[in-house]
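Try each task yourself before you read its solution.

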Amino acid sequence: MTALDNQRKTKQSQPPGDMGAFPQYYRQICHHLALARERQYATYLIDRLDRLVLDGHQHLYQARGFFLSQTLRFIGGGFPALVRAEARLFWLSFALLYLPAVLMGIALQHAPQMVYTMLDHHSLVSIEGMYNPGAAHIGRERQSDGDFLMFGYYIKNNIGISFQTFAGGLLYGLGSIFYLVYNGLILGTVAGHLTRIGYGTTFYPFVVGHGAFELTAIVLSGMAGLKMGLALLSPGNKTRLNALREAAQISIRIVYGVVGMLLIAAFLEAFWSSSQAIAPAVKYAVGALLWLSVAAYFLFMGRKRAA
């Protein structure tokens, strides 16, 4: 009982996230209380055990509440503030993704054979089938499974792309640059080819909704990777290891936000974007609203709190 009393006395001085051996003590005191009630021990002992269990319960949920409040603060202002603080890297990452996409898309309208520089014949046929206006579900192969399985597939695929882009920053930023440019070229190749053959009427309504979250998340992944690469290239008066460690603390927090955005993107892609029951005009309207919402979130969210 001494250990439990000490735990009770010191719990107020501990930060909410510092649980230590508390779960073990809490399970033990709950067992003692149940045993005391079953054997009808003295009332003063049962009351003492009951107070300890109540205090333990409050301490446990205080820690959980602390985690929840930290998460809400991060979403409500911390995440966009981190992005705004690295605005130059954001716009560099933005250009590395979108500029190759635009250039490749334009080039394909004048030189259609360039499509084979990025895609083989089998991949091209598969993509055309996915965005054929007669397909039951746009953006997926005909033999694909249901929406829930596709939701899991999109999560895996999107997180894989973003992780590659982020982790590539450890190669002095070169890996992040490569994956941003490569994914931009793929995006431009697919968009340019489908536009040229007349499938833009299905492709653009498909990507306009979830693209606000997915493409922005890829840009942010590249930004986080470039942050680490810059620390390795120019550590200043710190050792490269210390500079990388400090940069990684910021980059990892950005990646936390990226994962949340990719979950939203996967949900929209599986249950909204691929549906043929929704009119393209509705998808464009909702897509425009989502793009504006994402832009407003990163531009304005958390500014009052920071001030």
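**Exercise 1. Find which helix holds Lys283, and decide whether Lys283 is buried or exposed.**

Step 1. Lys283 sits in helix α10, residues 280–300; helices here are DSSP runs (H or I, at least four residues), numbered from the N terminus.
Step 2. This is a predicted model, in which local features need pLDDT of at least 70 and side-chain atom pairs count only at pLDDT 80 or more, while totals for chains, interfaces and linings use all residues. Residues are numbered from 1 along each chain as its sequence is written, and side-chain values use heavy atoms, leaving out hydrogens and water.
Step 3. Lys283 has a relative accessible area of 4%, so Lys283 is buried (buried is under 20%, exposed over 50%, partly exposed in between, with a 1.4 Å probe and protein chains only).
Step 4. Setting aside neighbours within four places in sequence, the contacts of Lys283 include Pro205, Val208 and Trp272 (contact means heavy atoms within 4.5 Å).

**Exercise 2. Work out how helices α7 and α8 are oriented to each other.**

Step 1. The axes of α7 (residues 174–196) and α8 (residues 200–233) are 11 Å apart, at an angle of about 170° (axes are lines fitted to C-alpha atoms over the stretch in contact, with angles from 0 to 180 degrees between N-to-C directions).
Step 2. The two helices, α7 and α8, are therefore roughly antiparallel (under 35 degrees is roughly parallel, over 145 roughly antiparallel, 65 to 115 roughly perpendicular, the rest oblique).
Step 3. Among the residues that meet are Leu187 and Val190 in α7, and Phe203 and Leu215 in α8.
Step 4. This contact of α7 with α8 has 12 nonpolar, five polar and no charged residues (Ala, Val, Leu, Ile, Met, Phe, Trp, Tyr, Cys and Pro are nonpolar, Asp, Glu, Lys and Arg charged, the others, Gly among them, polar).

**Exercise 3. Name the residues that touch the most other members of the largest nonpolar core.**

Step 1. Such a core is a set of buried Ala, Val, Leu, Ile, Met, Phe, Trp, Tyr and Cys residues joined through side-chain atoms within 4.5 Å.
Step 2. The largest one has 36 residues, and Phe79, Phe213, Leu220, Ile254 and Met261 touch the most other members.
Step 3. Helix α8 gives this core its largest share, 12 residues.
Step 4. Phe79 is in contact with Leu220, Ile254 and Met261, among others.
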